[in-house]
Amino acid sequence: MGTKRVPAVAAAAKRLAAVAPASPAPIVSSAHLVSPRSAEMSEFEFGLIVSGNAFHRWIVHCMSAAGLKDLTPLDVLVLHHVTHRARDKRLADICFIMNVEDTHLINYSLKKLQNLGVVASSKSGKEVTYAATAAGRKYVERYREIRERCLINALNADDSLNRDIGELARLLRVLSGIYDQAARSAASL
């Protein structure tokens, strides 16, 4: 296509959109799942997939930039949770808060983080708890600095955007409950 045609095509598309704005087709990953009762849910699920993958890529790269390389997204999240509020955490509590059913996944991450020297375990009677080490807290603090510089500054949020983000967070918590209930229903079929 010649350089003269590109502006002409763009101008024609703009005129067409102004004359007859069509409702855009939903952007989905699985057209066969689109429900006539809620195409929006399929759009949401596609958005969740791509944003979830982008988030996972981000946290792994951010932690790598902080100095801890070769972690999985779950490893990064476990380290952040174990560091959260400087309180020792039990395996069951970590799984519960992170909404992970398979304790083996969290346990594997905890072992990996212990081998890296960023998480330590302690035993009180039969109970084992986990906490971030001083080295782990340093990596998390460096992660926070990088997050502030690369993500928060790029977000350039104002009060309105922050309200929208807060509402989106609330909606995601509501939807996680709906998905959990639907999973229980599907498991009973």
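1. Throughout this note, buried means a relative accessible area under 20%, exposed means over 50%, and partly exposed means in between, with a 1.4 Å probe and protein chains only. The model is predicted, so local features need pLDDT of at least 70 and side-chain atom pairs count only at pLDDT 80 or more, while totals for chains, interfaces and linings use all residues. Residues are numbered from 1 along each chain as its sequence is written, and side-chain values use heavy atoms, with hydrogens and water left out.

2. A search of the whole structure gives 5 salt bridges, a salt bridge being a side-chain nitrogen of Lys or Arg within 4 Å of a carboxyl oxygen of Asp or Glu.

3. Asp75 pairs with Lys112 in a salt bridge whose closest N and O atoms are 2.8 Å apart. Because Asp75 belongs to helix 3 (residues 73–83) and Lys112 to helix 5 (residues 103–115), the pair ties together parts that are 37 residues apart in sequence; helices here are DSSP runs (H or I, at least four residues), numbered from the N terminus. Asp75 is buried at 2% relative accessible area, whereas Lys112 is partly exposed at 23%.

4. In helix 6 (residues 134–155), Glu145 and Arg142 are 3 residues apart, or about one helical turn, and they form a salt bridge with closest N and O atoms 3.4 Å apart. Glu145 is partly exposed at 39%, and Arg142 is partly exposed at 31%.

5. Finally, Arg90, Asp93 and Glu127 are joined in a network of salt bridges.

Technical notes
Helix = DSSP H or I, 4+ residues; strand = E, 2+ residues; numbered from the N terminus.
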